[in-house]
Amino acid sequence: MREAEGRAEMKYGIEIKGLRKEFGSKVAVKALDLRIPEGSLYALLGVNGAGKTTTIRMLTGLTKPTGGQAYVMGHSISSELDEVKKLVNISPQETSVAPNLTVRENLEFIAGIYGFDKAKTVEKVREMLAQFSMEEVEHQKAKTLSGGWQRKLNIAMALITEPKVLFLDEPTLGIDVLARRELWRKIEALKGKITIVLTTHYMEEAESLADEIAIMAKGELMAVGSPKELMRRTESDCLEDAFVKIVEGVSYEE
Amino acid sequence: MKSKVFAVRTWKEIMRDPLSYIFCLGFPLVMLVIMSVIDKSIPAEAGMQVFRIRNLAPGISYFGLTFVMLFTGIQVSKDRTTALLLRLYASPMKPVEYIFGYTMPVVVLAVMQMVICFSVSFVIGLCTGNSLAVTEMLLSMLALLPSVFLFVGFGILFGTLVNEKAAPGLCSILISAAGMIGGIWMDVDGLGGAIKTVARALPFYHGVSLARLPFGETAEGAVEHLLWTIVCGAAVYGLAVTVFRSKMKKDIR
């Protein structure tokens, strides 16, 4: 805890030092070092198998690191995981809702799991329904919702617990462009209020939303910077070109 | 508190599936009525006792529990295949709260099922001149409680180990075994031989026999049936809890 108190002053939502994960002989994440300022929206980019989801899983207690250390809001993910779990929430890549429960019941369920009393649950559910414009589907069973609505519910279920750090693992995967843009607006509205870590394969999503971007490849951190910095350094016109150059190892200005 | 919230969610998930009503309630009740009609058609000189309402009521109530196992298995495996458990693993919930959250709703469902089965049996008994006493039915329900944990244990076990498609298959093996060698549909004592030896080595025969004891004239074998039922119920449920916890640890290794 002393360690945690010391780190609380640093104003990092997440601080990662030499974090490593091995699955047998396969190294999924190689000695990752990263600092994510409190309140920022940070995008983790990489091709499939780059180690993004494994990193998120380690930071949320879903996978134990093989080595290294990470602190979430000053708390160690190794020795203070129970505390970390109270401060974070995740919107997983796959839609993770209770299918036979209504939208409202899903939100109430998660609020209850995080120990909210009745009054606070009512207040937070109302807030989430309004924030995500879900009033019109609040009594609809989750399994009957369209992909876009399910994605919104997925994020609202993570946000209702008032996390200090929110992990969004490919939040707009598989939804149409209008629903995606709407979700972007919802995510954008959270900027500055909480620390958000976003993984995505959509470059325009990262470019539009992220304050800073970390690019990973084969479990290693290849580059960190704002979208504009990454484009400038790689002399690219768009983030996608910058991403490709970085991942393919084309030499560029550090 | 968290386990109660999770239990309410599990209850809603199961009760909002129409198949729960068809299998957990409809099917045992249909079997109860059909077997009662068959019993009326069997000549008295055949000496066939197994379909008499005093044997059938506890037998069908036991049979109904096998469907509780089926729905427990489906629910646990479904939760595992959707990403809902992943979200919950990232929450402050403890393993014991998951177990309680899965167990409590299905125990309530099993008790409700027993009450309905015995109530219908009571009416059939009145119609056929074989009335069942309330104390007999209450004692029989009490005797069925260890078997509730046996089948809930099997449900959690199968749901943890296999996927949503394989869990019903595994459960159906036990549903058939419980019905046949448990002595619900045939007189195992009358058959003897290898069948009886196998039946006595499994918990189903003892569970059914224990549930039938309050309706019988003697308490023969009561201690053996009671011990087998309690030990097997506790062992299977304990194994299910251990396997669930170990699988959960493995999932987040």
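Predicted model: local features only at pLDDT ≥ 70, side-chain atom pairs only at ≥ 80, totals over all residues.
Residues are numbered from 1 along each chain as its sequence is written, and chains are lettered from A in the order in which they are written.

**View 1. The contact between chain A and chain B.** Chain B contributes 22 residues and chain A 24 residues, two residues being in contact if their C-beta atoms, placed from the backbone, lie within 7 Å. On the chain B side, helix 1 (2-15) and helix 4 (84-89) are the elements giving two or more residues; helices are DSSP runs (H or I, at least four residues) numbered from the N terminus. Helix 1 of chain B gives the most, with 6 residues.

**View 2. Helix 2 (residues 18-41) against helix 3 (residues 53-81) of chain B.** The axes, lines fitted to C-alpha atoms over the stretch in contact, lie 9 Å apart at an angle of about 160°. Helix 2 of chain B is therefore roughly antiparallel to helix 3 of chain B (angles over 145 degrees, on a scale from 0 to 180 between N-to-C directions). Residues of helix 2 of chain B, including F23(B) and M31(B), meet residues of helix 3 of chain B, including I60(B) and F67(B).

**View 3. Helix 6 (residues 134-161) against helix 11 (residues 222-251) of chain B.** These helices pack at an angle of about 25°, with axes 8 Å apart, and are therefore roughly parallel to each other (angles under 35 degrees). Among the residues of helix 6 of chain B in the contact are F149(B) and L157(B), and among those of helix 11 of chain B are V236(B) and K247(B).

Key
Parallel < 35°, antiparallel > 145°, perpendicular 65-115°, else oblique.
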